[in-house]
Amino acid sequence: MFQARTSDTPRDKATLYSDLTLDLTGLLTDERDAIANAANLSALLFTTLPDLNWAGFYFMRNAAKGNLGGTRELVLGPFQGRPACVRIAVGRGVCGTAVERRQSVLVEDVHAFPGHIACDAASRSELVVPLMLDGQVLGVIDLDSPNPARFDAEDQAGVEALAALFVAGSDWPL
């Protein structure tokens, strides 16, 4: 059975992400449902990483029923934080840009990011990591902070590793 670490002792980022990897591995043991795993990972990130005001997922979906053009968009998945935008077009905002580029996007000041979508006016910085499987984008992990420049390269690498573990430990497609 999974037991999260509860410690108020400050940890360096390497230790923090190592502990998160162990925690996520425990959460994924004997559970392959991607939605359940996303719900647990968003809660784990929100309650473990300092200075977040939103942590969650957007998953790729067809833009409309009967969509013959194959247009895809991001649709809100499990998250922790204030209510969020439900649909985001590929190429729009930080999340859509990460999908379009097929790479992580780290934004130190969301007000300086062209086309930023402000779901929570308190957000000042953002890290979005795409969920990749066999060269396809399945969705993104999105982290927001009320602090400018909250995220750095170490956070990006840590969340990218968690994203890869999440994708490998879950069944696809949804």
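Predicted model: local features only at pLDDT ≥ 70, side-chain atom pairs only at ≥ 80, totals over all residues.
Local features need pLDDT of at least 70 and side-chain atom pairs count only at pLDDT 80 or more, while totals for chains, interfaces and linings use all residues. Residues are numbered from 1 along each chain as its sequence is written, and side-chain values use heavy atoms, with hydrogens and water left out.

## Nonpolar cores

The largest nonpolar core has 29 residues. Such a core is a set of buried Ala, Val, Leu, Ile, Met, Phe, Trp, Tyr and Cys residues joined through side-chain atoms within 4.5 Å. Buried means under 20% relative accessible area, exposed means over 50%, and partly exposed lies in between (1.4 Å probe, protein chains only). Leu 45, Leu 131, Ile 141, Leu 143 and Phe 166 have the most contacts inside this core. Two or more residues each come from helix 1 (13–28), helix 2 (34–48), strand 1 (54–62), strand 5 (125–133), strand 6 (136–145) and helix 4 (153–168). Helix 1 gives the most, with six residues. Helices (H or I, at least four residues) and strands (E, at least two) are DSSP runs, numbered from the N terminus.

Leu 45 is in contact (heavy atoms within 4.5 Å) with Leu 20, Leu 52, Ala 55, Ile 141, Leu 143 and Leu 162, leaving aside neighbours within four places in sequence. A second, separate core has 18 residues, including Trp 54, Leu 74, Val 105 and Val 128. In soluble globular proteins, nonpolar side chains tend to be buried together.

## Salt bridges

The structure holds five salt bridges. The term requires a side-chain nitrogen of Lys or Arg within 4 Å of a carboxyl oxygen of Asp or Glu. The table lists three of these pairs, among them Lys 13 with Asp 155.

| Pair | N to O distance |
|---|---|
| Lys 13 and Asp 155 | 2.6 Å |
| Arg 32 and Asp 171 | 2.9 Å |
| Glu 73 and Arg 87 | 2.6 Å |

Lys 13 in helix 1 and Asp 155 in helix 4 are 142 residues apart, and their pair links distant parts of the chain. Asp 155 is buried at 1% relative accessible area, whereas Lys 13 is partly exposed at 23%. Lys 13 and Asp 155 also belong to a network of salt bridges with Arg 150 and Asp 152.

Arg 32 forms a salt bridge with Asp 171. Arg 32 sits in the loop between helix 1 and helix 2 and Asp 171 in the segment after helix 4, so their pair ties together parts 139 residues apart in sequence. Arg 32 is partly exposed, at 38%. Asp 171 is also partly exposed, at 41%.

Glu 73 meets Arg 87 in a salt bridge. Glu 73 is in strand 2 (residues 72–81) and Arg 87 in strand 3 (residues 87–89), so this pair ties together parts 14 residues apart in sequence. Glu 73 is buried at 11% relative accessible area. Arg 87 is partly exposed at 49%.

Ser 125 lies in strand 5. Ser 125 is buried, at 1% relative accessibility. A polar atom of the Ser 125 side chain lies 3.4 Å from the backbone nitrogen of Arg 150. Beyond neighbours within four places in sequence, the contacts of Ser 125 include Val 107, Glu 108, Leu 143, Pro 148 and Phe 151.

Val 86 is in the loop between strand 2 and strand 3. Val 86 is partly exposed, at 46% relative accessibility. Leaving aside neighbours within four places in sequence, Val 86 is in contact with Tyr 58, Leu 74, Val 75 and Leu 76. Val 86 and Tyr 58 are 28 residues apart in sequence and 8.5 Å apart in space, C-alpha to C-alpha.

Note on methods:
Polar contact = N/O pair within 3.5 Å; in protein donor to acceptor, adjacent residues only side chain to side chain.
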